[in-house]
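Q: Hi! Could you walk me through this protein model while I have it on screen?

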Amino acid sequence: MKVQYTGTNYDEVKRLCGDKLLAPYFCMGFSMLSLDTGEGFESVYEGDVIVREDDGTLRIISHR
């Protein structure tokens, strides 16, 4: 399962990530999220894709 973070779909991303996700914050005109991938918190930027693997782990595919 995966979802692309658009900056306006926090609820959809939250359904995918559950309590592993921190609320969005805004920086220089765009929003970012923090996601606990199991290896620490990583930033999720607008355009990034979050993937939930079959075993429940989360990973980020960066658009940059």
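Q: Let's start with Asp36. Is Asp36 buried, partly exposed or exposed?
A: Asp36 is partly exposed, because its relative accessible area is 21%, and buried would need under 20%. Keep in mind that this is a predicted model.

Q: Okay, and where is Asp36 in the fold?
A: Asp36 sits in strand S3.

Q: Which residues is Asp36 in contact with, leaving aside neighbours within four places in sequence?
A: Those are Lys20, Phe41 and Leu58. There is also a C-alpha separation to look at: Asp36 and Leu21 are 15 residues apart along the chain, and 6.4 Å separates their C-alpha atoms.

Q: What about Ser34, buried or exposed?
A: Ser34 is buried, as its relative accessible area is 13%. Ser34 belongs to strand S3.

Q: And what does Ser34 touch, not counting residues up to four places away in sequence?
A: Ser34 touches Lys20, Leu21, Leu22, Tyr25, Phe41 and Glu42.

Q: Let me zoom out. How many helices and strands does the protein chain have?
A: The protein chain has one helix and six strands. Reading from the N terminus, the order is β-α-β-β-β-β-β.

Q: How does the radius of gyration look for 64 residues?
A: The protein chain has a radius of gyration of 11 Å, and a compact globule with 64 residues would be near 11 Å, so the two agree. The C-alpha trace spans about 35 × 25 × 20 Å along its principal axes.

Q: How much of the protein chain counts as buried?
A: Of the 64 residues, 33% count as buried. The accessible surface comes to about 4,200 Å², with 52% of it belonging to carbon and sulfur atoms.

Q: Which residues make up the largest nonpolar core?
A: There are 12 residues in it: Val3, Tyr5, Val13, Leu16, Cys17, Leu21, Leu33, Leu35, Val44, Ile50, Leu58 and Ile60. Helix H1 (10-17), strand S3 (30-36) and strand S6 (58-61) each give two or more residues to this core. The largest share, three residues, comes from H1.

Q: Why would they group like that?
A: In soluble globular proteins, nonpolar side chains tend to be buried together.

Q: Take me to Ile50, then. Where is it, and what does it touch?
A: Ile50 is in strand S5 (residues 49-52). At 0% relative accessibility, Ile50 counts as buried. Not counting residues up to four places away in sequence, Ile50 touches Met1, Lys2, Val3, Val13, Leu16, Cys17, Leu35, Val44, Leu58 and Arg59.

Q: Which contacts does Tyr5 have, leaving aside neighbours within four places in sequence?
A: Tyr5 is in contact with Val13, Pro24, Ser31, Met32, Leu33, Val44, Tyr45, Glu46, Gly47 and Asp48. C-alpha to C-alpha, Tyr5 and Val49 are 6.1 Å apart in space and 44 residues apart in sequence.

Q: How far apart in space are Ser43 and Glu53?
A: Their C-alpha atoms are 18 Å apart, and the two residues are 10 apart in sequence.

Q: Last topic, charges. How many positive and negative side chains are there?
A: The protein chain has 7 positive and 11 negative side chains. The centres of the two sets lie 2 Å apart.

Key. Residues are numbered from 1 along each chain as its sequence is written. This is a predicted model: local features need pLDDT of at least 70, side-chain atom pairs count only at pLDDT 80 or more; totals for chains, interfaces and linings use all residues. Side-chain values use heavy atoms; hydrogens and water are left out. Helices (H or I, at least four residues) and strands (E, at least two) are DSSP runs, numbered from the N terminus. The radius of gyration is taken over C-alpha atoms; the globule rule is 2.2 Å times the number of residues to the power 0.38. Buried means under 20% relative accessible area, exposed over 50%, partly exposed in between (1.4 Å probe, protein chains only). Accessible areas come from the Shrake-Rupley method with a 1.4 Å probe; for residues, only the protein chains shown count as cover. Lys and Arg count as positive and Asp and Glu as negative; His and the chain ends are not counted. The place of a charge is taken as NZ of Lys, CZ of Arg, CG of Asp or CD of Glu. A nonpolar core is a set of buried Ala, Val, Leu, Ile, Met, Phe, Trp, Tyr and Cys residues joined through side-chain atoms within 4.5 Å. Contact means heavy atoms within 4.5 Å.
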